Amino acid sequence: MSTLQVNKNEGMVAWKSPSNIALVKYWGKYAKQYPRNASVSFTLQDAYTETSIKYVRKPDNVEGVSMSFLFEGEKKIKFEEKIRKFLSSIIEYFPFLNDLHLDIESKNSFPHSTGIASSASSMSALALCLCDIEREFLNRLNDEVDFFQKASVIARLGSGSASRSVFPYLAEWGELITVDGSSNEFAIPVAERAHPIFHTYRDSILIISAAEKSVSSRAGHALMEGNPYAEQRYLQANIHVKQLLDAMQEGDVDTWGKIIEKEALTLHALMMASEPPFILLHPNTLIAIEKIQHFRIEKNLPIYFTLDAGPNIHVLYPDNIKKEIISFIDKELVPLCENQRVIHDLVGKGPEKIS
Ligand code: PMV
């Protein structure tokens, strides 16, 4: 058992970490959750997970991961097993997991099955808590850059897209010669490369359907392996990352918007072209897309949409046109949503430590 020089025998850490919405999509992976192409996302503000971990040094004779897990105050065996398996798989990154018992509690700010990626917020919150225990318990990771980089690596191992949630406003993940500092291991913060208009973006999420997804993202990534368009897609995504970041640097909202809509439709086209093919769009998704595109042309306003791997629509627009857009959403798009449900979120400052 441990011969570690430890700082503390018990303690508690807690983090609040947001979800994110991809602008250039990660779809296709290999080996230990490495992406087949680079991706970029907006970090959200109000859709987040809060996770706390109480840790205590455990008796020397208990081997392996020892933990309990409560989700929204209740025991959820399926989640607990998933987390236990995940923690066992990352012992090489956190050998202290052999020395501690963890009581983990987690809750989300947003409801289930809304198309908001709960794996991104939950895995990033968990990763941040683990890095914080390393900082407190072993007095390491005191450098901020190292801290968030390791949190991004661990989040990635839990859910690829979660790697991007640990940074404010805008993050890029995936090694590209066109993006300095980029890596397949972790995401990097790229907000300072973007025009300030993009720090004000809002994301109104139209809940077209709250039904459980028929295909998991794990299955979706796997299907890319046999997809006849895969290689071309990976090249296209990498080009899109460069074009998108350039447009964001220039504050070119229209070029940006064209790329993100193409990305959203390409993601679904890839699903429709896989074997077996699948359709996650709902008829109302298409009606809403048509309305958004017509409104944009008619009013000459930079309102664009993106989609995740589901039927719900993320409507993206800068804060300075919020009034016109919200009244358009209320009048034209809300009737297309299940139970008239829309979640208004915005681009946010990234994770926060909870004291
Ligand atoms: O992180 P995963 O394995 O759930 O994959 C997420 C994939 C998409 O949400 C469709 C796109 C993305 O880049 O977030």
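Tutor: Let's start at Pro276, which sits in the loop between helix 6 and helix 7. Keep in mind that this is a predicted model. The peptide bond joining Glu275 to Pro276 is cis, with omega at about 0°.

Helix 6 covers residues 253-272, and Asp254 is part of it. The relative accessibility of Asp254 is 38%, so this residue counts as partly exposed. Once neighbours within four places in sequence are set aside, Asp254 is in contact with Pro302 and Tyr304. For a sense of scale, take Asp254 and Lys78: they are 176 residues apart along the chain, and 44 Å separates their C-alpha atoms.

Two packed helices are described by the angle between their axes and the distance between the axes. As for handedness, the crossing of helix 7 past helix 8 is right-handed. On the helix 7 side, the residues that meet helix 8 are Ala288, Lys291, Ile292 and Phe295. Their partners in helix 8 are Glu324, Ile325, Phe328, Glu332 and Leu333. Sorted by kind, the residues of this contact are 6 nonpolar and 3 charged, with no polar ones.

With a relative accessibility of 69%, Asn300 counts as exposed. Between the C-alpha atoms of Asn300 and Ala264 there are 21 Å, and the two residues are 36 places apart along the chain.

Leaving out residues up to four places away in sequence, Ala237 touches Val24, Asn37, Ala38 and Glu263. Glu298, on the other hand, is 61 residues from Ala237 along the chain, with 30 Å between their C-alpha atoms.

Next come the aromatic side chains. The structure holds 15 aromatic pairs. A pair of rings is described by the distance of the centres and the angle of the planes. For Tyr26 and Trp173, the ring centres are 4.6 Å apart and the planes stand at 70°, which is over 60 degrees, so the pair is edge-to-face. This pair connects distant parts of the chain, 147 residues apart: Tyr26 is in the loop between strand 1 (10-24) and strand 2 (29-30), while Trp173 is in strand 8 (residues 170-173). Both Tyr26 and Trp173 are buried.

Phe71 and Phe79 make another edge-to-face pair, because their planes meet at 85°, with 5.2 Å between the ring centres. Phe71 has 14% relative accessibility and so counts as buried, whereas Phe79, at 33%, counts as partly exposed. Aromatic residues also gather into a cluster, made up of Phe42, Phe198, Tyr201 and Trp256.

Lys16 lies over the face of Tyr48, 4.3 Å from the ring centre. The charged end of Arg135 is placed over the ring of Phe147, at 4.0 Å from the centre.

Gln33, in the loop between strand 2 and strand 3 (34-35), has a phi near 55°, which is positive in a residue other than glycine. At 13% relative accessibility, Gln33 counts as buried. Tyr169 is not a glycine either, yet its phi is positive, at about 60°. You will find Tyr169 in the loop between helix 3 (144-158) and strand 8, the strand that also holds Trp173.

How values were computed
Residues numbered from 1 in each chain as written. Predicted model: local features only at pLDDT ≥ 70, side-chain atom pairs only at ≥ 80, totals over all residues. Heavy atoms only, no water. Left-handed = near helix turned anticlockwise from the far one by under 90°. Helix = DSSP H or I, 4+ residues; strand = E, 2+ residues; numbered from the N terminus. Contact = heavy atoms within 4.5 Å. Nonpolar A, V, L, I, M, F, W, Y, C, P; charged D, E, K, R; others polar. Phe/Tyr/Trp six-rings, centres within 6.5 Å; stacked < 30°, edge-to-face > 60°. Buried < 20%, exposed > 50% of the residue type's maximum accessible area, 1.4 Å probe, protein only. Lys NZ or Arg CZ within 6 Å of the ring centre and 35° of its normal.
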